[in-house]
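Visitor: Could you take a close look at one part for me: salt bridges, and whatever surrounds them? I'd like it as one connected story, please.

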Amino acid sequence: MNINKKMVIESTITTYTSCLNSLARDLNFHCDIGMYPDGIQWLEDAEKIYNVVCARSESLHTRATTLYAVRWVLDVRDAPKQLDEKYRKYCYDLRYKIEEDYMTKKKSKKQMENWCTMNELKEILKGLDMCVPKNIQSQQDYRNLIKFLVLKLHLSVPLRRDLTDCKIFLDPNEDEIMDKTYNYIILRTASGVASYVGNVFKSKKYYGEITFDWDKSIAKELFYYYEDLKKFSGTTNLLIVDHAQDQFSKCNFTRFLNSIFKPYNKRVSASLLRNIIISDLYKLDAEKQEKLEQFAKICGHSQKTQYCYYAKV
């Protein structure tokens, strides 16, 4: 992956800044204003930085994100290419290990601890539905409503955390939905259809705008509670807002999702929901996967090569 400061979006910069601040603290830098040190001197010993990054987290993804953050700040501060090259090699090695892990199809330790079956998720959704009154009057009523709707929407289509940037409109005019910095749920009274328009998501530059219609049971809920959602969002028309009627940050949305599963001693994120839902569709077989691993080893190629080049439908 090549890091280019001109291509890094604001949400990614926020993530990178958080990673760099944590790294600076682990290196015993005193950040008086809560920011990592100026300059690049503190990052010049790439091997030391890599060892600290590995020591602070077992997650390959966390390690990779922190190293990409380092490469980003090196780029912003016009560091020598030789220094970036050292970090690039570490990133490449981590990326390879991550891809190999993906191909094993095995859950990580964290995923195992927080995994739910589809049946369990449906039962949790039923419980949330029972907590939603027909008339939404209080902040607690609203919070119960958006917990129910968010999980129902994610079980239908496992989005990332894109609902934080989502507005909802009933029969909007073109001006109301022209801002491409938001996603939209559009309710059409004449057809009874609830459509989704995705403008803001991680892989937008590869896939462009995405559109689809929610299923009828979701459309029914969205139409029924539209006025309540609009009332509690103030003048923003945001699908979900916090207690102050502000837009959820990505981190706060993850905490919000976690709160849904807290009574079950689980920490379920949007990413894990996607894992669960797609795994349920594929119905992967552990015994078959073990045999694929054996074949890959015997044949002298990676599972990625085995899947991409040899497996056919």
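Guide: A salt bridge here is a side-chain nitrogen of Lys or Arg within 4 Å of a carboxyl oxygen of Asp or Glu. Keep in mind that this is a predicted model. With that rule, the count is six salt bridges.

Start with Lys180 and Glu209, whose side chains come together at 3.4 Å, N to O. Lys180 sits in the loop between strand 1 and strand 2, while Glu209 is in the loop between helix 8 (204-207) and strand 4 (210-213), so this pair ties together parts that are 29 residues apart in sequence. Both partners are partly exposed: Lys180 has 48% relative accessibility, and Glu209 has 43%.

Another bridge joins Arg56 to Asp26 at 2.5 Å, N to O. Here the pair ties helix 2 to helix 1, since Arg56 belongs to the former and Asp26 to the latter, 30 residues apart in sequence. Again, neither end is buried: Arg56 is partly exposed at 30%, as is Asp26 at 40%. Helix 2 (residues 46-56) has its hidden residues too, with Ala46, Ile49, Tyr50, Val52, Val53 and Cys54 buried. Helix 1, helix 3 (60-76) and helix 4 (81-104) are among the elements that cover them. Further along helix 1 (residues 10-26) you'll find Thr17, which is buried at 16% relative accessibility and touches Met35 and Tyr36.

Cys54 isn't in one, and the nearest cysteine sulfur, belonging to Cys91, is 11 Å away. That is too far for a bond. Both cysteines are buried, Cys54 at 18% and Cys91 at 2%.

Now for the bridge between Asp165 and Lys250, at 2.8 Å, N to O. It links distant parts of the chain: Asp165 is in the loop between helix 7 and strand 1, Lys250 is in helix 11 (residues 250-261), and 85 residues separate them.

A polar atom of the Thr164 side chain lies 2.9 Å from the backbone oxygen of Arg161. The contacts of Thr164 include Lys250, the bridge partner of Asp165, along with Leu238, Gln247, Phe248, Ser249 and Phe253.

Helix 7 also takes you to the largest nonpolar core. That core has 56 residues, and Leu151, Ile185, Trp214, Leu222, Leu239 and Ile240 touch the most other members. Helix 7 (residues 139-156) supplies the largest share, nine residues. Apart from this core lies another, of 31 residues, with Tyr16, Trp42, Cys91 and Leu94 among them. Back in the 56-residue core, Leu239 has contacts that include Tyr142, Ile146, Leu153, Ile185 and Leu222.

Methods:
Residues are numbered from 1 along each chain as its sequence is written. This is a predicted model: local features need pLDDT of at least 70, side-chain atom pairs count only at pLDDT 80 or more; totals for chains, interfaces and linings use all residues. Side-chain values use heavy atoms; hydrogens and water are left out. A nonpolar core is a set of buried Ala, Val, Leu, Ile, Met, Phe, Trp, Tyr and Cys residues joined through side-chain atoms within 4.5 Å. Buried means under 20% relative accessible area, exposed over 50%, partly exposed in between (1.4 Å probe, protein chains only). Helices (H or I, at least four residues) and strands (E, at least two) are DSSP runs, numbered from the N terminus. Contact means heavy atoms within 4.5 Å. A disulfide is a pair of cysteine sulfur atoms within 2.5 Å. A polar contact is a pair of N or O atoms within 3.5 Å; within protein, one must be able to donate a hydrogen and the other to accept it, and residues adjacent in sequence count only if both atoms are side-chain atoms. Lists of a residue's contacts leave out its neighbours within four places in sequence.
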